[in-house]
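Here is a short note to read alongside the model. Please keep the structure open and follow the points in order.

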Amino acid sequence: MIVRAINVTRHSILAENVEIAKSFWPRFKGLMGRGALAADEALLIVPCSSIHMFFMRFSIDAVYLDRLGRVICIDHSLKPWRIGSICRHVYAVLELPAGATAQSETVVGDNISVTDIF
């Protein structure tokens with residue numbers, strides 16, 4: 001199954017290939033150990049209210065979503081060995097390559113949809 005993340009508000013695609021981490025080990029591991037994310041890749045961690053960048057090798061954009069898919073806050077180019085923002089009412093975090101949110105013009109308040117395309 002291929003899953004895509006779409007900014008419904010801006011009519012833009014955030015990522016064509018979204019991996020969903022919803023059980024303990026995939027959520028725990030996240031992107032640790034990877035060398036990078038391709039421009040069209042992302043990781044959706046659900047449920048998740050906060051993230052850390054310990055043991056990471058590259059920067060990411062972190063998009064914090066509520067249960068309705070609304071963007072609560074964004075960390076732009078969050079660097080390795082940092083802790084992500086603490087935001088209220090977060091249900092999931094979409095981790096994207098650094099710069100992806102600026103390129104798609106994603107801002108707080110936008111609606112994000114993660115959907116199957118096949």
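**Notes on the fold**

1. Start with a parallel pair. Strand β3 (residues 17–21) runs parallel to strand β4 (residues 41–45), and 5 bridges connect the two. Strands are DSSP runs of E with at least two residues, helices are runs of H or I with at least four, and both are numbered from the N terminus. Strands count as paired if DSSP finds at least two bridges between them. N17 has E41 of β4 as its bridge partner. Between β3 and β4 the chain passes through helix α1 (residues 24–29), and this β-α-β crossover is right-handed. Right-handed here means that, with the strands pointing away from the viewer, the path from the first strand over the helix to the second runs clockwise.

2. A word on the source. This is a predicted model, where local features need pLDDT of at least 70 and side-chain atom pairs count only at pLDDT 80 or more, while totals for chains, interfaces and linings use all residues. Residues are numbered from 1 along each chain as its sequence is written, and side-chain values use heavy atoms, with hydrogens and water left out.

3. Now the sheet that holds this pair. It is an open sheet of 5 strands in the order β3-β4-β7-β5-β6, and its pairing is mixed. β3 and β6 (71–78) are the edge strands, each pairing on one side only. From one strand to the next, the twist averages 20°. Such angles run from 0 to 180 degrees between N-to-C directions, with axes as lines fitted to C-alpha atoms, for helices over the stretch in contact.

4. Look at β4 within that sheet. Of its 5 residues, 4 are buried, so β4 is mostly covered. Buried means under 20% relative accessible area, exposed means over 50%, and partly exposed lies in between (1.4 Å probe, protein chains only). β4 also pairs with strand β7 (residues 92–97), in the antiparallel sense, over 3 bridges.

5. Strand β5 (residues 60–65) is joined to β6 by 5 bridges. There, L65 faces V71 of β6.

6. Which strands form the other open sheet? The order is β2-β1-β8, 3 strands with antiparallel pairing. β2 (12–15) and β8 (112–116) are at the edges with a single partner strand each, so one side of each has no neighbour in the sheet. Neighbouring strands here are turned by 35° against each other on average, direction ignored. Strand β1 (residues 3–7) pairs with β8 over 5 bridges in the antiparallel sense. A5 has V114 of β8 as its bridge partner.

7. F24, W25 and F28 make a nonpolar patch of about 420 Å². Patch residues have over 30% relative accessible area and no salt bridge; like charges are joined within 9 Å, nonpolar side chains (Val, Leu, Ile, Met, Phe, Trp, Tyr) within 5 Å. Accessible areas come from the Shrake-Rupley method with a 1.4 Å probe, and for residues only the protein chains shown count as cover. W25 sits in helix α1. Its relative accessibility is 60%, so W25 counts as exposed.

8. Next, charge pairs. How many salt bridges does a search of the whole structure find? The search finds 4. A salt bridge is a side-chain nitrogen of Lys or Arg within 4 Å of a carboxyl oxygen of Asp or Glu. One of them joins R4 and E16 at 3.2 Å, N to O. R4 lies in strand β1 and E16 in the loop between β2 and β3, 12 residues apart. R4 is partly exposed at 22%, and E16 is partly exposed at 26%.

9. A further salt bridge links R10 and D110 at 3.0 Å, N to O. R10 is in the loop between β1 and β2, D110 in the loop between α2 (100–104) and β8, 100 residues apart. Is each end buried or exposed? R10 is partly exposed at 38% relative accessibility. D110 is buried, at 2%.

10. Finally, E19 and R34 form a salt bridge at 2.5 Å, N to O. E19 belongs to strand β3 and R34 to the loop between α1 and β4, so the pair ties together parts 15 residues apart in sequence. E19 is partly exposed at 36%, and R34 is partly exposed at 27%.
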